[in-house]
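How does one read its features?

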Amino acid sequence: MKTYSKRLLAILLALMMILSFAACDKKDSPVGEKESETIGEDEKALKAGKYIGEAEGLNGPIKVEVELDEKEIKAIEILDHKETEGIADGAIENIPKRIVENQSIKIDTISGATYTSKGILEAVEKALKEAGADIEQFMKDSEADDKEGETIDKEADVAIIGAGGAGLAAAVSALENDAKVIILDKMPSVGGSTIIAGGQYNAVDAKRQGAQKMRPELIKELESYVNEEPVNETHKRLIEELKVQIEDYKKSGEDYIFDSPQLHALQAFKGGDQVGNLDLIEELTRGAEKSVDWLEKHGVEFRDEIATVTGALWPRTHQFVKPLVTGPIDAYMEFIKSKDDKAELMLETTAKELIIEDGKVVGVKAEQGKDKINIKAKSVVIATGGFARNPELIEKYDSHWGGLEKLGSTNSVSATGDGIVMALEAKAKLTGMEYIQLLPVGDPVTGGMQGNISINAANQLFVNIEGNRFVAEDERRDVLTKGLMEQPEKTMFILHDAHEYTDESVKNDFNEAIGDLVKAGTVVKGETIEELAKNMGVDANNLKKTVDEYNQAVAGKTKDKFGKKLLEDPFDKAPFYASKRVPTIHHTMGGLEIDRQARVIGENGKPIVGLYAAGEVTGGIHGANRLGGNAIPETVVFGNIAGESAAKGK
């Protein structure tokens, strides 16, 4: 009995010692037993707290705050950034969420906001390093979703493929006509190429143009359009109507900026080498005049000043108060959201093919992740944009330039011609596919338009790397780009002075302050022409001579040697600014043939029942060359027409 008691006592003592050691181990360990199971053998405990990280985005530094506990990333907040509203929204909203969901910084960037995405990821990584975290712990692949996809059936009056400017305008118009609408877009955010455009908007506007004076020599430019030989009856009628308008203007003795839809149409027709569909062009210019009121009715604000964007040919270019084209896009979205029972927006949803029954388009098939989406609709509107980001289509149809595969593009990464490919399956007819517009103001690194300081063609100078002008800065865009392609290194500088950039806070069309661009090194500055030349790396004597000759022409003492007609202010007000630019692919003028009701025309020359299109996916409106500032009004005018036609089944 004593022996048994002694053995029992020994066993109890041994158990107490084991428990004691275990308790000591738990107390001394950096994490408890439960935490250890959560973290795993290969993971280390984190130092709880909030940490700051900062990295470069597209337009400047992005600052983030990362909140950690001992086990994981709890939250990420973006404290400060200079990214453009609308364009960067997808990255700003989704990248932090995906990092937290996957506990990984090894995730895909957001299409269309790559630089912003990379900036956020790098800033988060720096914050993790600040916390002393093992970065490898957060470099795991995202877990695949093992869930099987579903087949989802939906119905609508109008299905719209593409949530860019034309698609959203079509949605608003269809909703105004009491249709039930479903909008699809393969991107994670709305806006497409429209929202990253400079926002220049050509439209006749008696109120705003009437408040500004016109240089008297522009009367000769006006009269040149009425002295042309008409090529068809529409051309003849427009010429006769413009002739009467000019005579009335001259008799009035007024000196405000003259304009009319007829002049706008004739300029667009001539500017496109008279190969555009003049009926569609007239629809555009008359609609553009009316569209200013329509946009303002929806809350879009325009600046009061009228200017001439590069390649516009006439002072009728409006600018939105909000940066880029975020004003119209925001207004469209506000209206669409107010119709929540009638409108559905499906992002990251890729349209794959049209549903065709008995020769009629009655819907669209799409994919959203692993899910298959079948939408039955009375009408379908294609508004998927152009094909500037599709190298195969560019190579196939380019017959004028050659070597375009070496250039960047100003377009959204979504501009891959999807709508054109889908419509061809429905036997749609294409027109003008060979007409591809280049722009001479691309960023040397990205091909985009960020850093472009061009504001007003009447005051800008184009100077090559030798310090010499080489083209009239108010010319057509194809003429400007051809001129640039012939310059050394195919590189130039755009010059502006304090007549436009009155102080360092003045922003370009991409919401970038000139002072910030100088700090970033994207733009160089000089208090004198000589200092500007030095910072540009060009010959000071050449640049001085170039500026002196230009100023003589502005003063009316000589004729401009390149024939520039829009001459406003002399280049003589310091400080002076210069931005280096290269050619870039900007717009594809060809696409689906449509009529004035935005109905897609088939190979047989007749409208395809149930199929409509608007925006850059269409062709025939701009001809061989698009006037600068005509693209955004095209999305509004033909988006409106397509939405109404689709809703009413025209």
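Q: Is lysine 525 buried, exposed or partly exposed?

A: Buried stands for under 20% relative accessible area and exposed for over 50%, with partly exposed in between (1.4 Å probe, protein chains only). Lysine 525 has a relative accessible area of 25%, so this residue is partly exposed. Please note that this is a predicted model, in which local features need pLDDT of at least 70 and side-chain atom pairs count only at pLDDT 80 or more, while totals for chains, interfaces and linings use all residues. Residues are numbered from 1 along each chain as its sequence is written, and side-chain values use heavy atoms, leaving out hydrogens and water.

Q: With which residue does lysine 525 form a salt bridge?

A: A salt bridge requires a side-chain nitrogen of Lys or Arg within 4 Å of a carboxyl oxygen of Asp or Glu. Here the partner of lysine 525 is glutamate 504, and their closest N and O atoms are 3.5 Å apart. Glutamate 504 lies in the loop between strand 15 (492-496) and helix 15 (514-520), and lysine 525 in strand 16 (residues 523-526), so the pair ties together parts that are 21 residues apart in sequence. Helices (H or I, at least four residues) and strands (E, at least two) are DSSP runs, numbered from the N terminus. Glutamate 504 is partly exposed, at 34% relative accessibility.

Q: What does the salt bridge between lysine 429 and glutamate 593 tie together?

A: The side chains of lysine 429 and glutamate 593 meet at 3.6 Å, N to O. Lysine 429 is in the loop between helix 13 (418-425) and strand 12 (430-431), whereas glutamate 593 belongs to strand 18 (residues 591-593); the pair therefore ties together parts that are 164 residues apart in sequence. Lysine 429 is partly exposed at 34% relative accessibility, and glutamate 593 is partly exposed at 22%.

Q: Which residues of the largest nonpolar core touch the most other members?

A: A nonpolar core is a set of buried Ala, Val, Leu, Ile, Met, Phe, Trp, Tyr and Cys residues joined through side-chain atoms within 4.5 Å. The largest has 107 residues, and those touching the most other members are Val181, Tyr201, Leu295, Tyr332, Ile336, Ile382 and Phe638. Helix 5 (residues 165-176) gives the most to this core, with eight residues. Another core, of 27 residues, lies apart from it and includes Val66, Leu68, Ala91 and Ala113.
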